[in-house]
Amino acid sequence: MIKREYQDSIVYILFIFVAILPVVYPLGIPNSVTPAATDYYNAIKGLPQGSVVLIEVYSDIRAWFTMGPSTVATIKQLIPMIQGGQIKGIVFTTTSDAGPLSIPLIERMATATDVSSKLKYGDQWALMGWIPGFETAQAQMAQDFRAAVPRDYYGTAIDQLPILNGIKKISDFQLIIINSDSNLDAYVRQWGGKGPKILANIDISVLALTKPYLDRGIINGYMTPVKLTSEYEKLVGFSGFGSALNEGQSTVQVYIVLLIIAANVIYFRERQRKK
Amino acid sequence: MASYVEVESIFYAAIVLMTWSWLYKGDNPFYKIIEHATIGLFLAVSAQGVIQAIQTRIVGPLTVGALFPALPFLMLGIFTLTRMVPKLRFMSIWVIALMSGVGTGVAVKGVVIPMIIKQTIINPWTSPNIFSNINNVLVWVATITTLIYFVYSIKREAFGGVVRVLAEIGRIFMMLGFGVVLAGFLFVAGINVTGVGTYLVQYPGYYVTAIGTVILIGYIIWSRNHQKK
């Protein structure tokens with residue numbers, strides 16, 4: 001029998017092995033596209049001419065693997081639309097409590113999609129940086145965007161950024177994409193029903209909390225990590241990190257279910273033995 | 001000459017192995033180095049962001065003579081720090097009260113329509129999609145019974161024990177809900193393990209993994225020989 005002090009480590013090491021195995025030996029698990037991914041894709045595809053998209057990032061760099069791939073895929077769908085002139089551009093902001101840690105996530109997403117070489121800064125995209133205050137900042141952005149965000153992340157005055165010409169309040173954006181691994185209550189309170197469509201890139205554990213807003217049309221679409229992101233990547237036309245992580249997730253979940261079954265079997269056997 | 005991406009991948013692979021060394025030896029020097037580096041980096045990045053925010057929103061406007069609103073906010077910020085001085089602590093309480101009041105007011109302003117009025121709308125139970133109908137009925141039952149669970153002003157034995165039964169159903173729905181949330185957290189753990197694990201099994205990280213494995217085997221052999229002596 002394995003010593004008790006090593007049992008936890010063995011469970012974790014097997015967990016790591018099971019999670020990494022599909023990266024080395026892909027299993028070829030079929031992956032069909034569901035309506036949720038199609039709705040999200042079509043919501044972006046159907047943007048009117050000249051739209052400006054606001055991508056608000058609440059997650060921080062620690063959520064790169066969970067929240068990064070979905071927004072990377074979103075940006076990859078948006079870039080050709082901007083280059084083709086269908087939409088005007090993307091603006092990145094963060095009002096997160098962990099704002100300084102959200103900026104590296106935005107920068108990493110921008111690097112992964114090569115935004116700086118594909119789009120012109122100031123005309124087609126802008127990084128407005130961290131706006132401290134979370135919900136109070138969101139409230140101010142809703143009423144007076146230019147007062148809430150007077151400069152971008154690099155210190156350039158907002159009046160010198162052509163992409164934000166005509167943007168006075170949040171309702172002047174045509175689409176808001178919120179990247180968050182926490183609940184969206186504050187965003188719904190301040191930005192919900194103001195005019196722009198809202199799409200949510202959320203963690204799977206937050207989906208249940210977001211469902212009431214989805215059902216009422218306050219949030220118009222959602223994207224969750226890995227499975228849904230891999231479907232979305234298929235629609236956008238590339239195979240990214242979401243697809244790479246998808247098979248790993250399947251094996252991990254099978255392993256967790258087996259652990260739960262094993263734990264219950266051992267528990268009831270021990271109980272019977274004591275009787 | 002290795003490219004920046006290759007050097008970065010080697011660095012990440014080394015960090016992952018040093019972090020996961022905890023699984024073998026618990027609190028070992030490699031793990032301690034990474035633990036302290038992570039906390040230090042977290043604090044450094046946070047401090048950089050805070051200093052930049054103060055610079056752009058307070059110092060910048062003050063240096064060009066725009067006293068309002070930078071000066072009042074600077075004063076409020078200083079009052080917050082008086083919390084560390086027992087005789088002046090009362091000044092920080094006013095700032096906290098102001099922030100709490102503003103935060104609550106801002107939140108309440110937007111809560112009525114999306115979080116109260118719109119949530120009272122019931123989805124149809126008789127649509128063509130039977131699964132949607134079942135789902136909507138379940139949502140209605142879960143909402144009502146969960147609310148009843150938290151009504152403590154009515155005894156559970158009231159109305160012939162019906163309240164107890166409904167509260168119990170609500171409790172089961174809450175258990176299911178919390179189970180879903182917990183499963184989500186486990187899911188996130190799995191994604192992160194897969195994500196960081198890719199650095200160990202892809203080029204050039206697998207060289208780091210190989211070196212780490214050799215070091216580990218060498219250490220195990222050495223420590224066993226050392227114990228025998």
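Predicted model: local features only at pLDDT ≥ 70, side-chain atom pairs only at ≥ 80, totals over all residues.

Trainee: Okay, so at what angle do helix α7 and helix α8 of chain B pack?
Mentor: Helix α7 of chain B, residues 130-149, packs with helix α8 of chain B, residues 158-201, at an angle of about 115°, and their axes are 7 Å apart. α7(B) and α8(B) are therefore roughly perpendicular to each other, and α7(B) passes α8(B) in a left-handed crossing.

Trainee: Which residues make that contact?
Mentor: From α7(B) the contact includes L138(B), V141(B), A142(B) and Y149(B), while from α8(B) it includes V163(B), L166(B), R171(B) and F173(B). The residues of this contact between α7(B) and α8(B) divide into 11 nonpolar, three polar and one charged.

Trainee: And how do α3 and α4 of chain B pack?
Mentor: α3(B) and α4(B) pack at an angle of about 130°, with their axes 9 Å apart. That angle makes α3(B) oblique to α4(B), and the crossing of α3(B) and α4(B) is left-handed.

Trainee: What meets what there?
Mentor: R57(B), I58(B), P61(B) and L62(B) of α3(B) meet A70(B), L71(B), F73(B) and L74(B) of α4(B). Sorted by kind, the residues of the contact of α3(B) with α4(B) are seven nonpolar, no polar and one charged.

Trainee: Now the loop between α3 and α4 of chain B: which proline has its place there?
Mentor: That is P69(B), which has its place in the loop between α3 (29-63) and α4 (70-81) of chain B. F68(B) and P69(B) are joined by a cis peptide bond, with omega about 5°.

Trainee: What about the bond from Y203(B) to P204(B), cis or trans?
Mentor: The peptide bond from Y203(B) to P204(B) is cis, and its omega is near -5°. P204(B) lies in the loop between α8 and α9 (205-228) of chain B.

Trainee: Staying in chain A, how do α10 and α11 pack?
Mentor: Helix α10 of chain A, residues 227-236, and helix α11 of chain A, residues 241-274, pack at an angle of about 140°, with their axes 8 Å apart. That makes α10(A) oblique to α11(A), and their crossing is left-handed. K227(A), T229(A), S230(A) and E233(A) of α10(A) make the contact with F241(A), G242(A), S243(A) and N246(A) of α11(A). These residues divide into one nonpolar, five polar and two charged.

Trainee: Switching to the two chains together, how much area is buried between chain A and chain B?
Mentor: The area buried between chain A and chain B is about 3,900 Å², and carbon and sulfur atoms give 69% of it. F65(A), R189(A) and R216(A) supply 17% of the area that chain A buries against chain B, more than any other three residues. The contact takes 46 residues from chain A and 43 residues from chain B.

Trainee: And how many salt bridges are counted between chain A and chain B?
Mentor: The count between chain A and chain B is zero salt bridges.

Note on methods
Residues numbered from 1 in each chain as written. Chains lettered and ligands numbered in written order. Heavy atoms only, no water. Axes fitted to C-alpha atoms, helices over the stretch in contact; angles between N-to-C directions. Helix = DSSP H or I, 4+ residues; strand = E, 2+ residues; numbered from the N terminus. Parallel < 35°, antiparallel > 145°, perpendicular 65-115°, else oblique. Left-handed = near helix turned anticlockwise from the far one by under 90°. Contact = heavy atoms within 4.5 Å. Nonpolar A, V, L, I, M, F, W, Y, C, P; charged D, E, K, R; others polar. Buried area = accessible area lost by both parts, 1.4 Å probe. Salt bridge = Lys/Arg side-chain N within 4 Å of Asp/Glu carboxyl O.
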